[in-house]
Amino acid sequence: MIASVRGTVTATGPDQAVIEVGGVGLAVHCAPGTLAELRVGQVARLATSLIVREDSLTLYGFADDDAKSLFELLQTASGVGPRLAQAVLAVHTPDAVRKAIANADTAALTRVPGIGKKGAERLVLELRDRIGPVSIGADGVGGVTAGAWPDQVRQALVGLGWSAGQADQAVAAVSETIDGPTPPVPVLLKQAIRLLGRTR
């Protein structure tokens, strides 16, 4: 309903900021990292997600749309509400969350207050296929397990306009070429696109 807000920061607190938009001060709940970037008196733009409850309307704010979309995706997992989803993003960057889920790194996920071993395993089980592409780190390593890349490449190909059948064929063909360590996902995706380019 409120996808983003842009206005002057009039106050900041330990867990929220007040942003004045059109003469109205909106209280926006933010993770510490997001709040640290805001300065009172300056104009800021936050991607936002409005959580509607019977007795409250709560606006959560994020530095960018990527963090917001991950916040909303995390809440589709059973047992994860907005506070816990925001806690995940307070501890980890969106890329780190995706890598942890793609790699079934429950140790990283349990560093979030409120997530135990079973909760971390549930996040991996329920979100692994929907987490989206995992970006490459500065060292060029995607950190993706051999079992995780096919789904990511398949989803990317379908998103680029190929059919699910074509994507499956390309993933199978790319899989046969791997000998040794699994290359980063973007490399595998380019290879799949080259293969499909010949059949278009």
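**Barrel, helices and cores**

Helix H2 (residues 65-74) lies across strand S4 (43-53) and strand S5 (56-62), and runs at about 10 degrees to S4. Helices (H or I, at least four residues) and strands (E, at least two) are DSSP runs, numbered from the N terminus; contact means heavy atoms within 4.5 Å; and axes are lines fitted to C-alpha atoms, for helices over the stretch in contact, with angles that run from 0 to 180 degrees between N-to-C directions. The model is a predicted one, in which local features need pLDDT of at least 70 and side-chain atom pairs count only at pLDDT 80 or more, while totals for chains, interfaces and linings use all residues. Residues are numbered from 1 along each chain as its sequence is written, and side-chain values use heavy atoms, with hydrogens and water left out. A further helix, H3 (residues 82-91), lies across S3, S4 and S5, and its direction makes an angle of about 15 degrees with S5.

The strands themselves form a closed barrel of five, in the order S1-S2-S3-S5-S4, and their pairing is mixed; from one strand to the next the twist averages 55 degrees. Two strands are taken to pair if DSSP finds at least two bridges between them. Strand S1 (residues 4-12) and S2 run antiparallel and are joined by four bridges, and the two form a hairpin with three residues between them. Within this pair, alanine 11 has valine 18 in S2 as its bridge partner, and valine 18 in turn stands opposite alanine 27 in S3. Strand S2 (residues 16-21) is also antiparallel to strand S3 (residues 24-30), to which six bridges join it. Alanine 17 faces valine 28 of S3 across this pairing, and glutamine 16 has histidine 29 in S3 as its bridge partner. The hairpin of S2 and S3 has two residues between the strands, and there glycine 22 takes a positive phi near 60 degrees. On going from S3 to S5 the direction of pairing is parallel, with three bridges between the two strands, and histidine 29 stands opposite tyrosine 60 in S5.

Threonine 34 belongs to helix H1 (residues 32-36). Its relative accessible area is 13%, so threonine 34 is buried, where buried means under 20% relative accessible area, exposed over 50%, and partly exposed in between (1.4 Å probe, protein chains only). Not counting residues up to four places away in sequence, threonine 34 touches Leu46, Gly61, Phe62 and Ala63.

A nonpolar core is here a set of buried Ala, Val, Leu, Ile, Met, Phe, Trp, Tyr and Cys residues joined through side-chain atoms within 4.5 Å. The largest such core has 27 residues, of which Leu74 and Leu123 touch the most other members. At least two residues of this core come from each of S5, H2, H3, helix H4 (94-102), helix H5 (106-109) and helix H6 (117-127). Leaving aside neighbours within four places in sequence, leucine 123 is in contact with Leu74, Ala77, Val80, Ile101, Leu109, Ile115 and Arg128. Another core lies apart from this one and has 14 residues, among them Ala156, Trp162, Val174 and Leu196.

Leu196 is also one of the buried residues of helix H9, which are Val185, Leu188, Leu189, Ala192 and Leu196. Viewed down the axis of H9, these buried residues fall within an arc of 100 degrees, so they line one face of the helix; the arc is that of the directions from the helix axis to the C-beta atoms. An α-helix has 3.6 residues a turn, so residues three or four places apart point the same way. On the face of H9 turned away from its buried side are the exposed residues Lys190 and Arg194. The cover over the buried residues of H9 includes helix H7 (149-159) and helix H8 (164-177). Helix H9 (residues 185-197) has 13 residues, which at 1.5 Å a residue should span 18 Å, and its end C-alpha atoms are 18 Å apart, in agreement with that value; the expected span is 1.5 Å times one less than the number of residues.

Proline 150 lies in helix H7 and, at 18% relative accessibility, counts as buried. The C-alpha atoms of proline 150 and valine 171 are separated by 6.1 Å, although the two residues are 21 residues apart along the chain. In the loop between H4 and H5 is alanine 104, a residue other than glycine with a positive phi, near 55 degrees; at 33% relative accessibility, alanine 104 counts as partly exposed.
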